[in-house]
Amino acid sequence: MAKRKYGTDSPFEMKEPTKEDFKCTRVLVEMLKERKMYEDEARSQQREEVLGRLNDIVQNWAKEISLQCGLPEEVAAEQQAKIFTFGSYRLGVHGPGSDIDTLCVVPNHITRHHFFKDLVRLLQEEKDVAELAPVEDAFVPVIKFSFDTVDIDLVLAQLKIAIIPDEWDLEDSNVLRNLDFKSLRSLNGCRDTDSILKLVPSIDNFRTILRFIKLWAKKRAVYSNSFGYLGGISWAILTARICQAYPKAVAGLLLQKFFRFYDFWRWPAPIRLTETIKDPALGLEVWDPTVNPKQRMELAPIITPAYPSMNSTYNINHSTLRVLQSEFKRGKSILEGINKKNISEEDIKKIWESLLADNDFFLNHAHYLQIKLNSPDEDTSKSLHGLVESRMRHLVMRLESPQIVVTPHPYSVKHPEKFTESFFLGLKFVIERDKDGKKQKRQINLGDAITFFQSKIDGNPSKKPDMKYEILHVKAEVRMFGHSGYIIIFSSFILSRICRNLSSRMRDGRRKKRRKERRKLARKVVKSKKRRWKKTKKMPLLNSLVVDSCCR
């Protein structure tokens with residue numbers, strides 16, 4: 001009997017799961033429950049109530065705009081906007097703190113201007129709405145807000161029809177006809193989510209490992225589309241592809257296969273769940289590098305399954321791909337120990353836990369670029385955060401060069417001061433040596449990249465005068481303590497995080513090796529007087545940063 005085909009290829013393996021596989025899966029699910037990755041019934045009910053209230057607001061808004069556009073009252077009353085969910089909530093992998101990705105579909109007389117002006121006004125009047133942050137010029141324009149403690153990302157799709165009928169079907173490709181690009185991307189968020197669920201052999205296994213992968217990606221700081229890593233849809237597609245390749249495997253084994261598969265994968269070979277669909281009648285552009293030469297330059301294409309297929313990793317760059325590949329390799333290495341015979345459930349849990357160890361970003365670099373944000377109130381702080389976050393990929397891509405290796409950290413760090421936070425980029429300067437092996441001094445200009453980034457922020461219409469930010473070059477300072485220990489200090493607001501990372505490193509089974517490494521580094525610091533690093537004062541120093549033997 002021929003193997004059933006899932007996705008674009010036949011399954012790699014059709015073995016039945018073993019007792020050990022079931023044991024790994026049981027421990028995995030228990031650990032996810034301990035970490036509260038599953039939502040309780042009360043919270044689920046609250047989400048449904050919030051979506052119902054949001055739907056009421058949207059319907060009132062649609063009627064109000066229809067009257068403003070001159071439609072008769074009886075016609076305006078029939079105007080309906082439709083609300084759909086997508087992302088983790090629609091996939092069924094959301095946790096207690098997850099947001100709800102929501103799509104608002106409207107007829108053609110309701111515009112994006114109405115969406116960001118009138119709907120935002122109605123949301124501001126709602127007492128349970130907080131942290132309202134419209135991001136109008138993002139790649140996919142979105143309104144971010146918290147509704148009765150439930151975070152919501154609301155996007156818009158404007159159809160080219162006068163009235164949305166009751167039988168309107170989201171899965172019908174004809175609904176895409178004549179849409180603008182932003183509406184097309186918004187609508188396809190829902191269509192891709194539904195397609196993924198239809199293309200996996202076991203939805204339960206898919207959901208279990210995707211919960212873990214999302215948690216792991218956040219712990220390892222590689223979960224962020226705006227910073228050039230992978231977003232939720234990309235991680236879902238990668239997970240679904242493993243489920244297709246091993247349709248009979250259970251979650252514990254699938255997770256091991258996940259890291260082996262993507263450590264082995266040779267980018268830029270694309271990851272896709274189904275064959276690319278082309279519809280000449282609609283004529284929409286699909287991802288096809290044989291037709292579009294620009295797509296051949298994409299570094300790690302992960303292709304969405306619904307028509308029209310697109311690359312969900314358009315933001316990825318050389319720096320973030322390097323980080324992702326190292327994380328896949330790390331995961332594969334850690335999980336090699338789980339295949340021992342008669343391994344105990346306690347040891348299995350330790351392996352899962354070690355895979356979820358926090359990223360040690362603040363211990364791995366000598367140089368950092370700090371983008372410090374300051375706002376007068378919470379709403380302004382949220383807006384500034386969204387604005388800067390949506391532009392960070394431009395800074396990373398402009399900084400990339402043969403002389404600079406950039407590692408973005410996708411999460412901001414809160415300061416003790418109110419409404420103050422910072423984003424960080426790790427910098428490593430590639431030092432060239434002469435024939436005698438001596439390090440050569442070289443001036444590296446960061447000013448052009450920073451000026452371009454500033455123009456993206458300051459030239460944005462949503463940038464207000466009270467939104468303050470500054471860009472600083474931070475050098476790590478190494479200090480001695482005790483007989484052999486050392487710590488890298490930036491400032492007090494992230495000192496606790498660094499100490500926590502150091503202590504977690506010391507708890508693993510390789511304490512002697514770690515101790516030797518610290519002693520060796522500490523001796524180097526004592527010998528070299530030049531390694532007394534300080535924080536530079538202002539951004540102008542970045543225009544001609546001298547990289548010499550003081551840098552590592």
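Colleague: Which side chains does a polar contact of 3.3 Å join?

Modeller: The side chains of Asp-153 and Lys-144 are joined by that contact. Keep in mind that this is a predicted model.

Colleague: Where is Asp-153, and is Asp-153 buried or exposed?

Modeller: Asp-153 is in strand β5, residues 150–158. Its relative accessible area is 14%, so Asp-153 is buried. The cut-off for buried is under 20%.

Colleague: Which residues is Asp-153 in contact with, leaving aside its neighbours within four places in sequence?

Modeller: There are two stretches to look for. One holds Asp-99, Ile-100, Asp-101 and Thr-102. The other holds Val-142, Ile-143 and Lys-144. Lys-144 is also the partner in the polar contact.

Colleague: Now strands. How should I picture the side chains in one?

Modeller: In a regular strand, side chains alternate between the two faces of the sheet. Now turn to strand β8, residues 420–429.

Colleague: How many residues of strand β8 are buried?

Modeller: The count is 9 of the 10, so β8 is largely enclosed by the rest of the structure.

Colleague: Which strands pair with β8, and in what sense?

Modeller: Strand β6, residues 367–374, pairs with β8 in the antiparallel sense over 8 bridges. Strand β7, residues 404–414, also pairs with β8 in the antiparallel sense, over 8 bridges. Leu-373 stands opposite Glu-421 in β8. Ile-404 has Phe-429 in β8 as its bridge partner.

Colleague: What do β7 and β8 form, and how many residues are between them?

Modeller: They form a hairpin, with 5 residues between the two strands. Look at Phe-419 in the turn: its phi is positive, about 55 degrees.

Colleague: How do I read a positive phi?

Modeller: Start with the general rule. Most residues other than glycine have a negative phi, and most peptide bonds are trans. Then look for exceptions. Lys-36 has a positive phi, near 55 degrees. Lys-36 is in the loop between α1 (19–34) and α2 (41–68). With a relative accessible area of 62%, Lys-36 is exposed. Glu-131 is not a glycine either, and its phi is positive at about 55 degrees. But Glu-131 is in a strand, β3, residues 129–135. At 23% relative accessibility, Glu-131 is partly exposed.

Colleague: Which residues does a cis peptide bond join?

Modeller: Another joins Tyr-307 and Pro-308, with omega about -5 degrees. Pro-268 is in the loop between α9 (251–264) and α10 (318–335). Pro-308 is found in the loop between α9 and α10 as well.

Colleague: On to rings. How many aromatic pairs does the count come to?

Modeller: The count is 23 aromatic pairs. Take Phe-258 and Phe-259. Their ring centres are 5.2 Å apart and their planes are at 75 degrees, so the pair is edge-to-face. Phe-258 is buried, at 0% relative accessibility. Phe-259 is buried too, with a relative accessible area of 0%.

Colleague: Which residues do ring pairs link into a cluster?

Modeller: Phe-258 and Phe-259 are among them. The cluster also includes Phe-12, Trp-216, Trp-235, Tyr-246 and Phe-328.

Colleague: Which arginines lie over the face of a ring?

Modeller: Arg-266 lies over the face of Phe-264, at 5.6 Å from the ring centre. Arg-398 lies over the face of Phe-452, at 3.7 Å from the ring centre.

Terms used:
Residues are numbered from 1 along each chain as its sequence is written. This is a predicted model: local features need pLDDT of at least 70, side-chain atom pairs count only at pLDDT 80 or more; totals for chains, interfaces and linings use all residues. Side-chain values use heavy atoms; hydrogens and water are left out. Helices (H or I, at least four residues) and strands (E, at least two) are DSSP runs, numbered from the N terminus. Buried means under 20% relative accessible area, exposed over 50%, partly exposed in between (1.4 Å probe, protein chains only). A polar contact is a pair of N or O atoms within 3.5 Å; within protein, one must be able to donate a hydrogen and the other to accept it, and residues adjacent in sequence count only if both atoms are side-chain atoms. Contact means heavy atoms within 4.5 Å. Two strands pair if DSSP finds at least two bridges between them. Rings of Phe, Tyr and Trp (its six-membered ring) pair if their centres lie within 6.5 Å; planes under 30 degrees apart count as stacked, over 60 as edge-to-face and the rest as tilted. A charge sits over a ring if NZ of Lys or CZ of Arg is within 6 Å of the ring centre and within 35 degrees of the ring normal.
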